Amino acid sequence: MSILNGQSLISSALSGLTSTYSTLMSSNSTSGTGLTLSDLSSVSSSTILNLGSNYSFLQYLTTNFSSLDQDGDGEITGTDLNNLMSTIQSQGLTYSELQSLCASGSGDTTLLSTVLTYFNKIDANGDGRVTSDEITKFSYDCEIYNAEQKYKSFKATSTSLFYGDNLEDDTSSVLDALQPDLSSSSSSTSS
(Lines give C-alpha, C1' and ligand atoms only; values in the text may rest on other atoms or scores of the structure.)
Protein backbone atom coordinates (compact mmCIF):
# COMPACT_ATOMS: atom_id res chain seq x y z
CA MET A 1 0.00 0.00 0.00
CA SER A 2 1.34 3.40 -0.83
CA ILE A 3 0.93 6.34 1.52
CA LEU A 4 -2.71 7.43 1.46
CA ASN A 5 -3.31 11.08 0.65
CA GLY A 6 -6.24 12.07 2.83
CA GLN A 7 -5.84 15.69 1.79
CA SER A 8 -6.84 14.76 -1.76
CA LEU A 9 -10.16 13.36 -0.50
CA ILE A 10 -10.88 16.49 1.48
CA SER A 11 -9.81 18.76 -1.37
CA SER A 12 -12.02 16.82 -3.76
CA ALA A 13 -15.02 17.21 -1.45
CA LEU A 14 -14.42 20.94 -0.96
CA SER A 15 -13.88 21.55 -4.65
CA GLY A 16 -17.03 19.66 -5.59
CA LEU A 17 -19.10 21.56 -3.02
CA THR A 18 -17.79 24.92 -4.19
CA SER A 19 -18.27 24.12 -7.87
CA THR A 20 -21.78 22.72 -7.36
CA TYR A 21 -22.85 25.64 -5.18
CA SER A 22 -21.56 28.16 -7.74
CA THR A 23 -23.29 26.39 -10.62
CA LEU A 24 -26.57 26.21 -8.71
CA MET A 25 -26.36 29.83 -7.56
CA SER A 26 -25.83 31.08 -11.11
CA SER A 27 -28.63 29.04 -12.61
CA ASN A 28 -31.16 28.15 -9.92
CA SER A 29 -31.15 30.64 -7.06
CA THR A 30 -34.46 32.47 -6.87
CA SER A 31 -33.33 34.82 -4.11
CA GLY A 32 -29.79 35.53 -5.29
CA THR A 33 -28.47 35.29 -1.71
CA GLY A 34 -28.57 31.52 -1.27
CA LEU A 35 -30.22 28.28 -2.31
CA THR A 36 -33.63 27.32 -0.98
CA LEU A 37 -34.85 23.76 -0.75
CA SER A 38 -37.16 24.60 -3.64
CA ASP A 39 -34.14 25.75 -5.69
CA LEU A 40 -32.41 22.45 -5.00
CA SER A 41 -35.52 20.38 -5.76
CA SER A 42 -36.32 22.06 -9.08
CA VAL A 43 -32.98 21.93 -10.85
CA SER A 44 -33.33 22.02 -14.63
CA SER A 45 -32.00 19.22 -16.78
CA SER A 46 -29.48 21.59 -18.39
CA THR A 47 -28.12 22.48 -14.92
CA ILE A 48 -27.88 18.78 -14.10
CA LEU A 49 -25.85 18.32 -17.29
CA ASN A 50 -23.62 21.22 -16.25
CA LEU A 51 -23.05 19.54 -12.88
CA GLY A 52 -21.91 16.32 -14.55
CA SER A 53 -20.07 14.20 -12.01
CA ASN A 54 -20.92 16.74 -9.29
CA TYR A 55 -24.54 15.61 -9.21
CA SER A 56 -23.86 13.76 -5.95
CA PHE A 57 -23.08 17.15 -4.36
CA LEU A 58 -26.54 18.40 -5.33
CA GLN A 59 -28.02 15.32 -3.67
CA TYR A 60 -25.91 15.98 -0.57
CA LEU A 61 -27.06 19.61 -0.36
CA THR A 62 -30.69 18.56 -0.78
CA THR A 63 -30.56 15.69 1.71
CA ASN A 64 -28.71 17.71 4.36
CA PHE A 65 -30.48 21.01 3.76
CA SER A 66 -31.77 21.57 7.30
CA SER A 67 -28.41 20.85 8.95
CA LEU A 68 -26.54 23.03 6.43
CA ASP A 69 -28.94 25.97 6.89
CA GLN A 70 -27.46 26.73 10.29
CA ASP A 71 -29.15 30.07 10.82
CA GLY A 72 -32.57 28.68 9.82
CA ASP A 73 -33.31 31.38 7.25
CA GLY A 74 -34.50 28.84 4.68
CA GLU A 75 -31.43 29.18 2.48
CA ILE A 76 -27.99 27.68 2.21
CA THR A 77 -25.96 30.85 1.91
CA GLY A 78 -22.29 31.36 1.20
CA THR A 79 -21.75 31.67 4.95
CA ASP A 80 -23.45 28.31 5.54
CA LEU A 81 -21.28 26.73 2.85
CA ASN A 82 -18.11 28.29 4.32
CA ASN A 83 -19.05 26.92 7.76
CA LEU A 84 -19.46 23.43 6.27
CA MET A 85 -16.14 23.71 4.46
CA SER A 86 -14.37 24.89 7.62
CA THR A 87 -15.82 21.94 9.53
CA ILE A 88 -14.65 19.51 6.87
CA GLN A 89 -11.16 21.03 6.79
CA SER A 90 -10.70 21.03 10.55
CA GLN A 91 -12.73 17.99 11.64
CA GLY A 92 -12.69 15.76 8.57
CA LEU A 93 -15.42 13.78 6.86
CA THR A 94 -18.00 11.37 8.23
CA TYR A 95 -18.60 8.00 6.63
CA SER A 96 -21.74 9.25 4.87
CA GLU A 97 -19.98 12.44 3.72
CA LEU A 98 -17.24 10.31 2.21
CA GLN A 99 -19.87 8.29 0.36
CA SER A 100 -21.76 11.38 -0.81
CA LEU A 101 -18.99 13.86 -1.46
CA CYS A 102 -16.11 11.67 -2.62
CA ALA A 103 -17.86 9.02 -4.66
CA SER A 104 -18.47 11.27 -7.66
CA GLY A 105 -15.85 9.37 -9.64
CA SER A 106 -13.56 12.35 -10.05
CA GLY A 107 -11.16 11.30 -7.30
CA ASP A 108 -9.05 8.28 -6.42
CA THR A 109 -11.56 5.43 -6.04
CA THR A 110 -8.93 3.11 -4.53
CA LEU A 111 -8.20 5.68 -1.83
CA LEU A 112 -11.90 6.18 -1.13
CA SER A 113 -12.51 2.43 -1.01
CA THR A 114 -9.60 1.93 1.40
CA VAL A 115 -10.74 4.76 3.69
CA LEU A 116 -14.33 3.46 3.72
CA THR A 117 -13.18 -0.10 4.40
CA TYR A 118 -10.95 0.89 7.32
CA PHE A 119 -12.97 3.89 8.48
CA ASN A 120 -13.28 2.77 12.12
CA LYS A 121 -9.56 2.00 12.37
CA ILE A 122 -8.59 5.28 10.71
CA ASP A 123 -10.88 7.28 13.03
CA ALA A 124 -8.33 7.16 15.85
CA ASN A 125 -10.16 9.52 18.21
CA GLY A 126 -13.56 7.86 17.63
CA ASP A 127 -15.39 11.09 16.76
CA GLY A 128 -17.08 9.60 13.68
CA ARG A 129 -14.96 11.68 11.28
CA VAL A 130 -11.65 11.03 9.54
CA THR A 131 -9.15 13.80 9.00
CA SER A 132 -6.29 13.99 6.55
CA ASP A 133 -3.86 13.50 9.44
CA GLU A 134 -5.69 10.37 10.64
CA ILE A 135 -5.65 8.90 7.13
CA THR A 136 -1.93 9.62 6.76
CA LYS A 137 -1.12 8.19 10.21
CA PHE A 138 -3.10 5.03 9.43
CA SER A 139 -1.21 4.70 6.17
CA TYR A 140 2.18 5.09 7.87
CA ASP A 141 1.18 2.60 10.57
CA CYS A 142 0.30 0.09 7.82
CA GLU A 143 3.64 0.68 6.10
CA ILE A 144 5.50 0.13 9.39
CA TYR A 145 3.52 -3.03 10.11
CA ASN A 146 4.18 -4.40 6.61
CA ALA A 147 7.91 -3.65 6.90
CA GLU A 148 8.07 -5.31 10.33
CA GLN A 149 6.36 -8.40 8.94
CA LYS A 150 8.61 -8.49 5.90
CA TYR A 151 11.84 -8.18 7.86
CA LYS A 152 10.77 -10.19 10.90
CA SER A 153 12.69 -13.26 9.71
CA PHE A 154 16.00 -11.39 9.41
CA LYS A 155 18.19 -11.94 12.44
CA ALA A 156 21.49 -10.35 13.26
CA THR A 157 23.03 -13.80 13.70
CA SER A 158 22.37 -14.64 10.07
CA THR A 159 24.47 -11.75 8.82
CA SER A 160 28.21 -11.22 8.98
CA LEU A 161 29.59 -8.15 10.67
CA PHE A 162 33.10 -8.64 9.33
CA TYR A 163 34.60 -10.48 6.43
CA GLY A 164 36.98 -12.13 8.84
CA ASP A 165 34.43 -14.63 10.16
CA ASN A 166 37.05 -17.35 10.09
CA LEU A 167 38.97 -15.51 12.81
CA GLU A 168 38.39 -15.92 16.50
CA ASP A 169 35.13 -14.66 18.00
CA ASP A 170 37.06 -12.17 20.08
CA THR A 171 36.30 -8.75 18.57
CA SER A 172 39.75 -7.37 19.40
CA SER A 173 41.48 -10.16 17.44
CA VAL A 174 39.22 -9.48 14.45
CA LEU A 175 40.08 -5.79 14.60
CA ASP A 176 43.77 -6.61 15.07
CA ALA A 177 43.69 -8.80 11.99
CA LEU A 178 42.14 -5.99 9.96
CA GLN A 179 44.72 -3.39 11.10
CA PRO A 180 48.30 -3.43 9.80
CA ASP A 181 50.82 -4.33 12.39
CA LEU A 182 52.21 -0.92 13.20
CA SER A 183 55.13 -2.28 15.18
CA SER A 184 56.41 -4.44 12.32
CA SER A 185 56.00 -1.67 9.76
CA SER A 186 57.85 0.83 11.91
CA SER A 187 60.69 -1.63 12.51
CA SER A 188 60.97 -2.40 8.80
CA THR A 189 61.19 1.29 7.91
CA SER A 190 63.88 1.97 10.49
CA SER A 191 66.23 -0.75 9.25
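Let's start with Leu-17, which is found in helix H1; helices here are DSSP runs of H or I with at least four residues, strands are runs of E with at least two, and both are numbered from the N terminus. Please keep in mind that this is a predicted model, so local features need pLDDT of at least 70, side-chain atom pairs count only at pLDDT 80 or more, and totals for chains, interfaces and linings use all residues. Residues are numbered from 1 along each chain as its sequence is written, and side-chain values use heavy atoms, with hydrogens and water left out.

Is Leu-17 buried or exposed? At 0% relative accessibility, Leu-17 counts as buried, where buried means under 20% relative accessible area, exposed over 50%, and partly exposed in between, with a 1.4 Å probe and protein chains only. Setting aside neighbours within four places in sequence, Leu-17 is in contact with Phe-57, Tyr-60, Leu-61, Leu-81, Leu-84, Ile-88 and Leu-101; contact means heavy atoms within 4.5 Å. Take Tyr-60 from that list: Leu-17 and Tyr-60 are 43 residues apart in sequence, and 9.1 Å apart in space, C-alpha to C-alpha.

Now for the core. Which residues touch the most other members of the largest nonpolar core? Of its 37 residues, they are Leu-17 and Leu-98. By nonpolar core I mean a set of buried Ala, Val, Leu, Ile, Met, Phe, Trp, Tyr and Cys residues joined through side-chain atoms within 4.5 Å. Helices that each supply at least two residues of this core include H1 (6-28), H4 (55-63), H6 (78-91) and H10 (132-150). The largest share, 7 residues, comes from H1. As for Leu-98, its contacts beyond four places in sequence are Leu-9, Leu-93, Ala-103, Leu-112, Val-115, Leu-116, Phe-119 and Val-130.

On to the helix pairs. Two packed helices are described by the angle between their axes and the distance between the axes. H1 and H6 pack at about 175 degrees, with axes 10 Å apart; axes are lines fitted to C-alpha atoms, for helices over the stretch in contact, and angles run from 0 to 180 degrees between N-to-C directions. That makes H1 roughly antiparallel to H6, given that angles under 35 degrees count as roughly parallel, over 145 as roughly antiparallel, 65 to 115 as roughly perpendicular and the rest as oblique. On the H1 side the contact is made by Ile-10, Leu-14, Leu-17, Thr-18 and Tyr-21, and on the H6 side by Gly-78, Leu-81, Leu-84, Met-85, Ile-88 and Gln-89. These residues divide into 8 nonpolar, 3 polar and no charged; here Ala, Val, Leu, Ile, Met, Phe, Trp, Tyr, Cys and Pro count as nonpolar, Asp, Glu, Lys and Arg as charged, and the others, Gly among them, as polar.

How do H1 and H4 pack, then? Their angle is about 80 degrees, with axes 9 Å apart, and that makes H1 roughly perpendicular to H4. From H1, Ser-12, Ala-13, Gly-16, Leu-17, Thr-20 and Leu-24 meet Phe-57, Leu-58, Tyr-60 and Leu-61 of H4. By class, this contact has 7 nonpolar, 3 polar and no charged residues.

Last stop, Asn-54, in the loop between helix H3 (45-51) and H4. Asn-54 counts as buried, at 13% relative accessibility. Not counting residues up to four places away in sequence, Asn-54 touches Gly-16, Ser-19 and Thr-20.
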